[in-house]
Every structure is written in structure tokens, then in C-alpha cells.
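Thanks for coming, everyone. Let me put the structure up, and then we'll walk through it together.

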Amino acid sequence: MTSRLGLDFFINLVAAGLARGTPILFATLGGIITERSGVMNLGIEGMMLVGAMTAFSTARSTNNALLGVCTGMLAGATLALAYAIVVVHLRADQVVSGLALVFFGSGLSSMLGASLVDQKEATARIPSLSLSVLEDLPILGPVLFKQNLMVWLGLALVACGSWILFKTRWGLVLRAVGEHPAQADSLGISVLTVRTVCVMIGGAMAGLAGASLSLAISPGWVDGMTAGQGWVAVGLVIFARWNPGRALIGAWLFGTLRRLPLDLQGVPSLPVFHNPNIGYFLSMLPYLFVIGAMIVGSRQALRRRLGAPASLGLPWFRGDRG
Amino acid sequence: MNRIAPSADPKDTTVAMRGMVKRFPGIVANDHVDFTLRRGEVHALIGENGAGKTTLMNMLAGVQRPEEGEIFVHDKSVQIRSPRDADQCGIAMVHQELMLAEALTVAENVALGLRNLKWQIHWSSIERSIEEQSRVLGFDIDPRAYVWQLSIGQRQRVELLRALMRGARILLLDEPTAVLSPHEIHQFLASLRRLTAQGMSIALVSHKLEEIVQIADRFTVLRKGRGVVSGVPTASTSQTELASWMVGQKIDKPCHDVRSPASDVEVLDVHDVHACGDKGFEALCHVSFKVFAGEILGVAGVSGNGQRELADVLSGMRPITSGRITLCGNDVTHATPARFLRAGLAYIPENRRTQGAVTSLSLAENLALKTYRQPPIAKRWGLSRKEMRSFARRLVDTFHVQAVSLQQPAGHLSGGNLQRLILARELSRPISLLLAAQPTRGLDIAATRNIHDLFMAQRKAGVATLLISEDLDELSSLCDRLIVLFRGRIVARFDRASFHRDAIGRAMAGIETSA
């Protein structure tokens, strides 16, 4: 396949970038909800893998993609519940527990998914949205209206997430718990319940991210198929400054960056076309971007300025004060 | 200040606490204390640190549970087991650390407290009602401002506003003015009046006597866990009387009255020292004094008048803005804490668990903290564990620290034992000045006496001692001379012969300056 660096090239790039960015968008939105409530979850990668495997397995055996998405989310939420019990109720260290969750999730999905590898035919998938009239629009048609349903779901969840966080009582309670749990407690809010629910929502979203990967964006199951996208989501939460709208920009930017080397290799006028080794370096680009985001995010002072929840990563319990 | 008379009718009692008892390991924090609060009044709760004021309020707020006693709210007997129970009774407590999320706006913080908040929040209507309510109270608060943009005084008003809008009718304020600047204090006291005018009942924990005289309708004094007086109208009392209630009426028999005269060897010379407090306000002003070998100089004063800053300055932990400090002939004006130690300072800090000892290290390690650089514990580049153990064994035996083993973490010791451990460490090397801040706070009688005896032994050995304390009994029984701090200035000096409780009490209240 060869192409030129023309308008079509960019339209294809953006369209594919939106699709690629969608799983990361789900995972990032979940991460935002979790961290806004004051809990850090580094285990997104593990929950995504288990979600992807479960979703693919269910869809294959029942031939029902929607059911697959549901079980994928359920699997993510279940892992998250275990994580919440460990870090919210038992107050274990969140970094160590999060890493453990990654290892657990990737091991579990690898073991249970061994028989599913390379069986992508004859599996129900999530369909693309087809609106015959709009599809033919110039530029917008291919970018927006030939996309998978999941891309649209991502957009809807961004709007929904912003509304819940900033316009509803539930969002206010959630943010208050992440900012000042003692205050929330003194006003009769159950901090532990709110945090548990938020961690589980984050898990379900990670499961959804996995399901959209194995059932829509790159259908099939391959061991370790998330290839670090869960980690990318952890970085994007910081990049997005805990704001769903910015998460959309970050995820799509990242998806496009990931797609870029693939597309560039098809352009004969570029050196990448002849020397595929350069392509490997190009593939590293998006991860450099995440490393940057993580470095910024790990500096306490800077994190406060970016608007990190004040009690992020700090376990809470009602002490006997005074 | 313009007062609307509160209900004088005892039938209008909103809260009645009877026979409250609360014990903590080693001490009785509240020993059958009674407290009543009437509709529309400000009732001040007075006492020294550790007198049990905060404990009493915590029991009403559901933070701590009483062991005995009954609480009535609006004449109904209630059990307050948690902050949520207190909230149900319409009781709101404003702690010193405010319960506001700084990254959220005023409106968001207030909305969080509203009981009838709808699922979907209409921010504009909430902002309007905050503006309205804040106009009524004269608060001048912008509901759209983020809390981190506000001054401490404004934040306090936000918390009061939230309590009011939540429907609280009983407010408990724990030393609310301790963190405010003088101008803010004035505004704050005025706002309390407007709150009581709306039918609020306010319990105010404080040890600033002039505020109490200015604002409170009645007061209750606690001393060492007991109610000294309960519910006395402020109108019939003067500031001097309050001071003497607070520090206690009866003079304990002086126990250390046979003393040798102090020498004239000057150990510490503090000359015209100024320093700032944590908030940047001037906390010490024109402070000058000398301490001679073989004497104990006491520093008296109501808490928060510069004592903590003075201890910081004399241990090298707080820079001074001007003045001169000389310790044993060495100029230590801008010296590091290490140089103070080398010059012969032993320091017993106010907070023994956070400043005095490393609670997670073992007893032996804690005891070696000031001697580990010298042989025999230091062994070339290493430490000799054996020497450290025998050194610790010796100190533990000499100072009667009751411990299970030398390897147990220091944090497991009781207050008295921990204080003896700290003293053992400080006195384990040659010293010329002993600086002690509130050394017996929270200790039982036996432990207190034990520490007093150690101080007297040091005095006899020719050590100069500076004793900062709020306990006037302790000061009058131990000290050779006494200075009184008020608002960062030395307002009075007393010799042992001229110790007179009323005069000291007046100086502590800032009424008389004889310095």
C-alpha cells in the first residue's frame, strides 16, 4: 500500500487516530473518576487486559458483542472491588497494590485467554455506525461518520462525565471526598463507600476500554494486547488535569501519534518507507509523551498547581482527634 | 460591643451536659464536668492547655465518647456517638483546622452541607442564597471564589455560613481566634454577635481573656479536668478575676524552698530579640533577659503569647529578625541547632512525641541521638551497638524509665516515661543550659514530681535552667525568678520573694506592666 502526503493521508490518519484513542479515552475517564475521589489506581493495565479477554471470550461463545462488553466491564469492576477493599478499607499502599494489580491482571488474562489466541474469525464485533447520508460528507464523513459505535460512546461519556462531576450532587460529593475526606465525613458522607464505588466505576471503564479493544478497534485476543495503553491512561489522567474534556483531547492526540508511524511507512517519499528501523523509533514517540506527563505528575508541587485532588493517594480513616 | 440580651431564662437551655467523665491513659481529662448552653448566648469555656476544654467539646460533637454523664439537647436526653449524631441534633463544631476543601469554590463547599440539595445542582440559585445570607451576617463573601483565594478569617466565616445554612443551631468553636490577625479577630467577634441574634447558641473555647470579657455572656472555667466555676455571667467579672480562676486559687505548698543562692556566672544572655511567628506576624518583641548558672528562670504567660517562638529561637530553630543571643560566651545569634548543642544546650521540646523523640526508633537509638558522634558509641565509621546498649542500660536505670526492653520503639512509652527518656538523653552529656518547654504537660502527679526533682538536681549542679510553662504552681515552686510574656513582650519580672499570684495573673492578662 502506497500513498502520498495529501489530504487523504491526513483524513485517514485522524480517523484512525480517533478509533485508536477510544480505548485509552475510556480508561482515562475511569482513572479520572477514581483519582477525583482520592484513590490512585496504577492497575488500569491489568483491568484492561482482563476486560479485553473476558469480553472477547464471551462474545465468541455467545456470539453477542453487547454481552461481551457487559462481562468485560463486570470483570474490570470485580478486580477494582478487590483493589478497593485492599487500599480503601485495609489502607494498603496504593502504588504497591496498583502494581500488584497489573501483574495479577496480565497473568490472569494470559492464562485464561491462552486458548483464545488467534481465533478472530466468526466472532461477534461491535458494529460501526453507518449513516448513509452523512458518510459522504467531505472530510467529516470519514473522520466522524464511518466510525465504530465505541467512538461515539466515548464522546457521550465525556459529556456525561463532565456533567456528573461539575453539575450534580453526586459529582460534588465525589470531588469533596477526594479533596477533604474529613470534611465530607463531618457532613455525613460515607467516604469509604464513595471511594469504593468510584474505584469500581474506574474498573468498569477499564474493562470497557479492554472490550472496545478486543471487540472493535483491533478485534481478537492476543496475549498482552493492550501494549501499555493502561499506563498511557495513567499518564493521560495527569495530562488531562483530572478533567474529562481534556482527556478527550489527550486520548485522541495519543491515538493519532500511535497511528502515525504506521501511516508514514506507506509513503514512498519518506525514508521510513525504505528503512523500517526508523519506524520502531517513531513508535516510541507516544510513550515519550507519556513519560513526560508522568514526570510532571510526580512532582508534588507541580501536581498541586495542575489541580490534583488534595488527598490523592492518601488512605483515610476517622481518627480519634484531639 | 452592642449586645442583644440573650435569654436569661434557664428554661431556654439548648444544651445541658451533666457529670461528664472522660479518661485517657494516665489522666482524667474530664472529671464530672457540668456545662449548659442557652439560646442566643455566647458561653466561653476557659482553661489552660490540657484542662479538658477540647475534650468536653469533642464529646458534644461526637468525636469522643463520654464514659459517664448525660447530655440533653432541647431537654431531650440524647446519645451522641458520632459526628453524624451531633449533626442530627443541630450541633456543628468549627475546628482549628478548618473543614473546607481549598480547591473547591465557596458555593461548592456550602452546597455540600445543604440538606435539601437536589440531584442536579442549580449553582446560580445556591450562589444567590449564599450572597443573601452573607449580606445579613455582614460577611462579604463571594460565592464564586475558590477557598484557597480567601484569608483564614474569610474561610472561618465560610464555615460559619455553611453551619448556619445547614440548619445548625448550636455552634462549638475551638479556639477560633488563635489563627487570626488582630483585625480579623475584631471582625470575627462582631460576626458571632450577629449569629446569636439569629438564635444561635455558641460555645467558645478560648484562653484569650480580653475576648471573653468582650464577647461572652457567661463562662465556665476548667482546671485539670474539673469545673472550677460553671455558667457565671461575664458582666459580674473582671479580666483579673478570670485570670485568677484560670490559673487556680490555691497556692500549693512550695516544695523546694531551701535553696542556695544563684551564682553570678552568666550562662545565657538574650538581648533585645525580635522574631516572627509562623504567620509572619511579630511574635517576640524587645525580649531581653539573662540566666545565671545555678538558677531556674521561669517564663509565664497565657498560651500563644510567644512562648513557643521563644523556645524555637533559643534552640536555633527559628531565625530572629534582630537582637543578640550569647550562650556561655559564644555568640549564637544566627547559629544552627547543632551549634547550640555544642555550646552546651539541653532542650526539652514542648511536643515530646513529634519533636522530643523519634517514636519509631528504639529506646537505645533515641538515647544515643546526641552522643553517637563521640566514642565510645562512635567507632571509626560505624556505631558500636554494644556500647550503645550499655550506655542506654545505664541511663534507663538512672532515670527510672520503665520499659520492657531497650529495643522497643520509643513511641510505645507512656508520656511520663517518654519524658524521662528525653531528659535522660539531654542530661547524658555535659551541659550548661537546660531549656524546657511545658515539660510536665499531660503528666500525672508522680511523673511531674519526678521531673521537678530532676530539675532541682540540675540546679544544684550549677546548670542554668529556663523553664517555659503555663502551670503557675509549677513555676512558683521551682523558679528563682519569673518573667511574664504577653503578646511577645516581657511585661513583668518577679523575684522569688515577690511572687504574688494576683500580680502574676494580672500581668498574664496584660493589665499591669511593671517591667
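First, the ground rules. This is a predicted model, where local features need pLDDT of at least 70, side-chain atom pairs count only at pLDDT 80 or more, and totals for chains, interfaces and linings use all residues. Residues are numbered from 1 along each chain as its sequence is written, chains are lettered from A and ligands numbered from 1 in the order in which they are written, and side-chain values use heavy atoms, with hydrogens and water left out.

Start with chain B. How is chain B divided into domains? Domain 1 takes 1-90 + 169-249, and domain 2 takes 99-166. Domain 3 is 252-344 + 430-515, and domain 4 is 360-420. These bounds come from an automatic or database domain assignment. Now look at domain 1 and domain 4 of chain B. Their C-alpha centres lie 43 Å apart.

Next, helix pairs. A word on terms: helices are DSSP runs of H or I with at least four residues, strands are runs of E with at least two, and both are numbered from the N terminus. Axes are lines fitted to C-alpha atoms, for helices over the stretch in contact, and angles run from 0 to 180 degrees between N-to-C directions.

Go to chain A. Helix α1 (residues 7-36) and helix α10 (residues 191-217) of chain A cross at roughly 175°. Their axes come within 7 Å. So α1(A) and α10(A) are roughly antiparallel. The cut-offs: under 35 degrees is roughly parallel, over 145 roughly antiparallel, 65 to 115 roughly perpendicular, and the rest oblique. Which residues of α1(A) and α10(A) meet? On the α1(A) side, they include Ala19(A), Phe26(A) and Ile33(A). On the α10(A) side, they include Cys198(A), Met205(A) and Leu213(A). Contact means heavy atoms within 4.5 Å. By class, this contact has 14 nonpolar, 4 polar and 1 charged residues. Here Ala, Val, Leu, Ile, Met, Phe, Trp, Tyr, Cys and Pro count as nonpolar, Asp, Glu, Lys and Arg as charged, and the others, Gly among them, as polar.

Now a pair in chain B. Helix α4 (residues 123-136) and helix α5 (residues 152-166) of chain B pack at about 105°, with axes 11 Å apart. That makes α4(B) and α5(B) roughly perpendicular. From α4(B) come Ser129(B), Ile130(B), Gln133(B) and Ser134(B). They meet Leu161(B), Leu164(B) and Met165(B) of α5(B). The tally is 4 nonpolar, 3 polar and no charged residues.

Take Cys276(B): the nearest cysteine sulfur belongs to Cys285(B), 10 Å away. Seen from Cys285(B), that distance is too far for a bond. Cys285(B) is buried, at 8% relative accessibility. Cys276(B) is partly exposed, at 30%. Buried means under 20% relative accessible area, exposed over 50%, and partly exposed in between, with a 1.4 Å probe and protein chains only.

Now single residues. Arg175(A) is in helix α8 (residues 169-179) of chain A. Is Arg175(A) buried or exposed? Buried, at 4% relative accessibility. Leaving aside neighbours within four places in sequence, Arg175(A) contacts Arg36(A), Leu165(A) and Phe166(A), plus Leu104(B) and Glu108(B).

Over to Ala86(B), in helix α2 (residues 83-88) of chain B. Ala86(B) is buried too, at 2%. Its C-alpha atom is 9.3 Å from that of Met59(B), 27 residues apart along the chain.

Ile377(B) sits in the loop between α12 (363-367) and β17 (378-379) of chain B. Ile377(B) is buried, at 3% relative accessibility. Not counting residues up to four places away in sequence, Ile377(B) touches several residues, among them Tyr372(B), Leu383(B) and Phe391(B).

Last, two backbone angles. Asn63(A) has phi near 60°, a positive value in a residue other than glycine. Asn63(A) is in the loop between α2 (44-62) and α3 (65-89) of chain A. Asn63(A) counts as exposed, at 52%. His74(B) also has a positive phi, near 50°. His74(B) lies in the loop between β4 (68-73) and β5 (76-78) of chain B. His74(B) is partly exposed, at 45%.

Key
Disulfide = S-S within 2.5 Å.
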